[in-house]
Amino acid sequence: MMPDWIITAILVAIKLGFVLALLLTGAAYLVLAERKLLGRMQLRYGPNRVGPFGLMQPLADAVKLLMKEDFIPAQGDKVLFFIAPGIAAVTALITFAVIPFGPPLRLFGREMPLVVCDLNIGLLYFLGLSSLAVYGIALGGWASNSKYALLGSIRALAQLISYELSMGLSIVPVVLMARSFSLTEIVNAQTHIPFALLNPPAFLVFLISVLAESKRTPFDIPEAENEIVAGFHTEYSGMRFGMFFVGEYINVIILSSMVTVLFLGGWHGPLLPGIVWFFGKVMLIAFLFIWTRGTLPRFRYDQLMHFGWKVLVPIALLNVVVTGAILLLLQG
Amino acid sequence: MAAILFYILSAVALGATLICVTRRNPVHAVIYLVHAFFALAMIFYLFGAPLVAAWEVIIYAGAIMVLFMFIIMMLELAPDQTTEGPGWKRWLPVLLLSGTLVVCTLLLMFADAETASGVPRYYASPRTFGYALFKEYALAVEIVSFQLLFAAVGAFYVGRREKRKPRRAP
């Protein structure tokens, strides 16, 4: 009979490996899905030459990125330039640790929660890491010692700080309603009715802030290619660029998962097993991300700041007050 | 165990702050200061206050330092990067500090997994923390928040612009 802690360690290792593999392949195929969908939206096919239906395209892209010349600008800060993409990718990867992606599983006669680590302050962990993720972009752009990269970094810093605020505020009603910071408990509080229906303003504000947080169209001002070349990653090439790229797509997956967990009831749903519901909802939100990219033009910088500070933040604040008041009234 | 960790973390915090104030390059100084905040957050965690640790990272490392960085970049305070010696040598302190932090994190994790060996088991849940903050110390919290409000209004007044033709925000 194996000692107890060995089984625990093996289960944890399996879970970690599963999550890591899932995130990385998920990000790779999200890129393919985006290219295909954008292609369809623009009446073309998208990549379809590598493998059946272009399914091997992510592999080809990875090989291409690895073979490319890795270039460091002459006057740049070499060490920071070297570290920055790592910060971007790693912060994105480890955020997934607190996201519960399914109901607890029974394995070898023991309960295994389908979350790497169920922190009782999981929500704060997510907020903290998403604010740390800015450093990868800021330092990368600064270390490149290029005007365009620096401009991109400055824009990213200002944008992320502004939208972090409305994102955090739009989560407050969720915490009020679920009475917990733990993501698992937040999901369990939505067994019957998802918070998106109970509190649509918070849901909308969070969705918009999440779009801005992922720096994608219509909020892709830090990398607006027709103004500042490619923003913070102008000077990056090869796999270093790839890390930023993968980081961005992992971020899309994670932010979609957060929308699912906080507002769409996580793994709860009729008939199908929980894990299917969870990934279905995540894919739906990811599709929404791609759809907006195919539909909306880019904001101007001042419009973006105005929208964040003068529209989203007041709405979110008001919503906190109203939700709190209603909850107090219901309590009697 | 807890005492050793505490002294190591305090040394990291102090060392990082010391290096921070002696840097010429403000961006590098910010990075060292972030290390100090991480060490502080872990000390809070060690004392059984995970919530405060999280706030430390979110607010200080995540928001205030990012604002600092924004200002530094906006005003181009950073000097033109002239390489002074090999990069790795210059960055040895930061590698050492972050390495120590990672090792301490691991130790802290395993100390928790095992039956808490010497780590004080007083533990403040978010709920107790909230009650303490907004019931027992409500008056103090309100006074401090009003002070912050005054500071914000004052900063706004000092930084106001003379009335000229309306300008588009930057």
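These legends describe close-up views of a predicted model. Local features need pLDDT of at least 70 and side-chain atom pairs count only at pLDDT 80 or more, while totals for chains, interfaces and linings use all residues. Residues are numbered from 1 along each chain as its sequence is written, and side-chain values use heavy atoms, without hydrogens and water.

**View 1. The largest nonpolar core.** This core holds 125 residues. A nonpolar core is a set of buried Ala, Val, Leu, Ile, Met, Phe, Trp, Tyr and Cys residues joined through side-chain atoms within 4.5 Å. Buried means under 20% relative accessible area, exposed over 50%, partly exposed in between (1.4 Å probe, protein chains only). Residues with the most contacts inside the core include A:Phe206, A:Phe263 and B:Met69.

**View 2. Helix 5 and helix 12 of chain A.** Helix 5 spans residues 147–178 and helix 12 spans residues 301–331. Their axes come within 9 Å and cross at roughly 15 degrees. The two helices are therefore roughly parallel (angles under 35 degrees).

**View 3. A:Arg179, a positive phi in a loop.** A:Arg179 is not a glycine, yet its phi is about 60 degrees. The residue lies in the loop between helix 5 and helix 6 (183–188) of chain A. A:Arg179 is partly exposed, at 47% relative accessibility.

**View 4. A:Lys215, a buried lysine.** A:Lys215 also has a positive phi, about 55 degrees. Its loop runs between helix 8 (200–213) and helix 9 (225–228) of chain A. A:Lys215 counts as buried because its relative accessibility is 7%.

Technical notes:
Chains are lettered from A and ligands numbered from 1 in the order in which they are written. Axes are lines fitted to C-alpha atoms, for helices over the stretch in contact, and angles run from 0 to 180 degrees between N-to-C directions. Helices (H or I, at least four residues) and strands (E, at least two) are DSSP runs, numbered from the N terminus. Angles under 35 degrees count as roughly parallel, over 145 as roughly antiparallel, 65 to 115 as roughly perpendicular and the rest as oblique.
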